[in-house]
Amino acid sequence: MLTALILGAHGLLVAATGRGDILGAPDREQRLEIYTTGATVVALVGSFVTAAISQYAAATGRRMRTLRTAAHLASQFRRNWVSILSATLLISGVCLLAIALDTTEADPGGVHWMVEAALLLGVARSYRLLWLFDAVIKATDRDLTDRPPEPQQLRT
């Protein structure tokens with residue numbers, strides 16, 4: 001929703017003023033570089049997402065167990081992880097598709113608007129990713145600071 005609002009406002013601004021078309025102003029070669037860089041950066045972020053999911057899955061401790069097993073928390077975390085990971089795949093795919101579709105110097109088909117929408121989605125999802133990273137790190141750190149239970153004394 002936020003992506004659509006920002007993209008719509010930007011599109012209206014460009015239509016009204018004829019200026020500010022960030023991805024439409026460069027020549028085709030530069031746009032292709034932007035698309036390639038966008039796909040690469042998003043793929044790198046995707047690898048961080050999978051690393052974070054691994055950290056989430058491997059972490060032990062009372063708080064992490066609660067995050068993974070409490071019905072409302074667990075489903076929320078899973079939905080967020082899947083949403084972020086699927087967004088990275090979508091954004092990368094859009095950037096790569098744009099390389100194939102942007103075939104003219106002026107981009108009359110508006111492929112660059114599709115890429116702008118995908119990149120805005122990536123920005124929005126990055127805030128969700130930061131929130132998830134923060135939640136997992138805090139829970140893991142708190143679990144580490146818990147005092148280990150006292151060992152049982154052997155009675156003889």
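This is a predicted model: local features need pLDDT of at least 70, side-chain atom pairs count only at pLDDT 80 or more; totals for chains, interfaces and linings use all residues.
User: How many helices and strands does the protein have?

Analyst: Start with the rule. Helices (H or I, at least four residues) and strands (E, at least two) are DSSP runs, numbered from the N terminus. Here there are five helices and zero strands. Read from the N terminus, the order is α-α-α-α-α.

User: What does the radius of gyration say about the protein?

Analyst: The radius of gyration is taken over C-alpha atoms, and the globule rule is 2.2 Å times the number of residues to the power 0.38. A compact globule of 156 residues would come out near 15 Å. This protein has 22 Å. Along the principal axes, its C-alpha atoms fill a box of roughly 85 × 25 × 20 Å.

User: What share of the residues counts as buried?

Analyst: Buried means under 20% relative accessible area, exposed over 50%, and partly exposed in between (1.4 Å probe, protein chains only). In this protein, 33% of the 156 residues count as buried. Take Thr88 in helix α4, residues 71-101. Its relative accessible area is 10%, so Thr88 is buried. Now take Thr37, in helix α2. Thr37 has 45% relative accessibility, so it counts as partly exposed.

User: Which residues is Thr88 in contact with, beyond its sequence neighbours?

Analyst: Contact means heavy atoms within 4.5 Å. Leave aside neighbours within four places in sequence, and Thr88 touches Val42, Val45 and Gly46. Asn80 counts as buried, because its relative accessibility is 9%.

User: How much of the contact set joins residues 24 or more positions apart?

Analyst: Look at contacts with a separation of 6 or more. Residues 24 or more positions apart account for 78% of them. Thr37 and Cys95 are 58 residues apart in sequence, with 8.6 Å between their C-alpha atoms.

User: What volume does the largest pocket have, and which residues are closest to its centre?

Analyst: The search uses a 1 Å grid over the protein atoms alone. A pocket is an open set of points with protein on both sides within 12 Å along at least five of seven lines, and lining residues have an atom within 4 Å of a point. Grid points are joined across faces, edges and corners, and a volume is the space filled by probe spheres (1.4 Å) set on the points. The largest pocket has a volume of about 210 Å³. It is lined by 14 residues, and the closest to its centre are Val42, Val45, Ile91, Gly122 and Val123. Helices α2 (28-58), α4 and α5 (111-145) each give two or more residues to the lining. The largest share, six residues, comes from α5.

User: Are the rings of Phe77 and Trp131 stacked, edge-to-face or tilted?

Analyst: Rings of Phe, Tyr and Trp (its six-membered ring) pair if their centres lie within 6.5 Å; planes under 30 degrees apart count as stacked, over 60 as edge-to-face and the rest as tilted. The count here is one aromatic pair. The centres of Phe77 and Trp131 are 5.7 Å apart and the planes are at 40°, so the pair is tilted. Phe77 is in helix α4 and Trp131 in helix α5, 54 residues apart. Phe77 counts as buried, because its relative accessibility is 2%. Trp131 has 40%, so it counts as partly exposed.

Technical notes: Residues are numbered from 1 along each chain as its sequence is written. Side-chain values use heavy atoms; hydrogens and water are left out.
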